[in-house]
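Subject: A structure for you to explore

Hello,

Here is the structure I promised to pass on to you. Please open it beside this email, and I will walk you through what turned up.

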Amino acid sequence: MLKEKIKKIEEISVSEIKKAANERALFDIKVKYLGRKGKLTEILKSLKNLNENERKTIGPLANQARQKLESEIAKRQKELSEKIDWEREKIDITLPGKKTEIGSLHPITLVYREIEKIFASMSFEIVEGPELETEWYNFSALNFPPDHPARDMQDTFWIRSEKEKFVLRTHTSPVQVRYMEKHKPPFRIIVPGRVFRNEATDAAHEHTLHQFEALVVGDDVNVGHFKYIASQFFSVFFGKKVEIRLRPSFFPFTEPSFEFDISCTVCSGKGCPSCKNSGWLEIGGAGMVNQNVFASAGYPENRYQGFAWGFGIERLAMMKYKIDDIRWFESGDLRFIRQL
Ligand code: PHE
């Protein structure tokens, strides 16, 4: 009797297990037969009421049935966990794909890279310096007198500090002295970098801009070298022959000093609205390094000669990409960046 009952339970439960549709159903089957009040559990519990003879034949049978159920449950469990739920995995191949957002380079980065490439090809070293600068490197070492208007509150962001006087550098020129303190001529370097001016902003003025300095020092460097290198650089940068024009000017750290212009990149110097019919575009400042600057760096006086120049990278980018307002650069507006 009991023997048949066990056989029957085994048969039915195994077929139920094989058909279990999911893990939840399988669990319910397990409880139904092997749980505390499960059908097979009841039989196992009742074994103690049998006489010894019966126990010897029925006992092993009931235990075999339990093992069989357990192994069938484990097998089905594995199958179910490996089964792919096609309903959930279904792919609608008619849906449009998800686009990966690919970034683009900021125009300042583009111009940086272009400048660095051109100067590297002329054997210039690319040098950087700190944006938080001491008053010494930003002004005093560059021969600015203590009461020079550039040091004024209107132009410079001063940083409150106990020890030294710090400024957000107003130009890349302080790197001239930093570099010369550690290197002996001859050398040629360029210094691209971010600079800051305490300025009311408009289409042509920003408080945060990028500059680019060049410094060439040796025994016999002269203005002719400057003109040649500048015209080479701008010709490659704008992809057409560019002439350089110098106008007398003043910077404390150069003597003589000049402003320099390039022939208009739109009309090649014939005269057009871009250059207000003058044929020339203003670019930046330049000059022969003042001997006082060499002295700041610890060079012997009148031993070396060199030229330096500096100009705004934004202005260059505006010319190259025809951008009409300098405030775009720091705006963080992706519509602006994506165009280039
Ligand atoms: N540092 C100057 C400026 O910011 C530019 C300059 C650099 C002029 C080097 C002469 C030589 O205006």
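Let's begin with Ser-268, which sits in the loop between S8 and S9. Ser-268 is not a glycine, yet its phi is positive, at about 55°. Most residues other than glycine have a negative phi. With a relative accessibility of 42%, Ser-268 counts as partly exposed. Please keep in mind that this is a predicted model.

Another serine, Ser-123, has a positive phi of about 65° although it is not a glycine. You will find Ser-123 in the loop between helix H6 (107-121) and strand S1 (125-126). Is Ser-123 buried or exposed? Ser-123 counts as exposed because its relative accessibility is 54%, and the cut-off for exposed is over 50%.

While we are on the backbone, have a look at two prolines. Most peptide bonds are trans. The bond that joins Pro-185 and Pro-186, however, is cis, with omega at about 0°. Pro-186 belongs to the loop between H8 and strand S5 (187-196). A cis bond also runs from Glu-255 to Pro-256, where omega is near -5°. Pro-256 is part of strand S8 (residues 254-263).

Now to the helix H4, which covers residues 52-82. H4 has 31 residues and spans 45 Å from its first C-alpha to its last, close to the 45 Å expected at 1.5 Å a residue. Where does H4 bend? The bend is at Ile-58 and comes to about 30°, with a proline, Pro-60, following within four residues. Ile-58 is also one of the buried residues of H4, which include Gly-59, Ala-62, Leu-69 and Arg-76. The buried residues of H4 pack against helix H1 (2-19), helix H2 (23-34) and helix H3 (39-46).

Ser-13 touches Tyr-33 and Leu-69, leaving aside residues up to four places away in sequence. Ser-13 has a relative accessible area of 0%, so it is buried.

Next comes the ligand. Which residues are closest to it? Of the 13 residues that surround the ligand, the closest are His-171, Ser-173, Arg-197, Gln-211 and Gly-310. His-171 has a polar side-chain atom 3.0 Å from a nitrogen atom of the ligand. For Ser-173, a polar side-chain atom lies 2.9 Å from a ligand nitrogen atom. Gln-211 places a polar side-chain atom 2.9 Å from an oxygen atom of the ligand. On its own the ligand has 330 Å² of accessible area, and the protein covers 89% of that. Strand S6 (208-218), strand S9 (280-289) and strand S10 (305-312) are the elements that give two or more residues to the shell around the ligand. S10 provides the largest share of that shell, with three residues.

Last, look at Thr-172, in the loop between strand S4 (166-168) and helix H8 (174-182). Thr-172 is buried, because its relative accessible area is 0%. Not counting residues up to four places away in sequence, its contacts are Val-191, Pro-192, Gly-193, Val-195, Gln-211, Phe-212 and Glu-213. Thr-172 and Trp-309 are 137 residues apart along the chain, while their C-alpha atoms are separated by 9.9 Å.

Best wishes

Note on methods. Residues numbered from 1 in each chain as written. Predicted model: local features only at pLDDT ≥ 70, side-chain atom pairs only at ≥ 80, totals over all residues. Heavy atoms only, no water. Expected span 1.5 Å × (residues − 1). Bend = angle between axes of the 7 residues up to and from the residue. Buried < 20%, exposed > 50% of the residue type's maximum accessible area, 1.4 Å probe, protein only. Contact = heavy atoms within 4.5 Å. Near = heavy atom within 4 Å. Polar contact = N/O pair within 3.5 Å; in protein donor to acceptor, adjacent residues only side chain to side chain. Areas by Shrake-Rupley, 256 points an atom, 1.4 Å probe, with all protein chains shown as cover.
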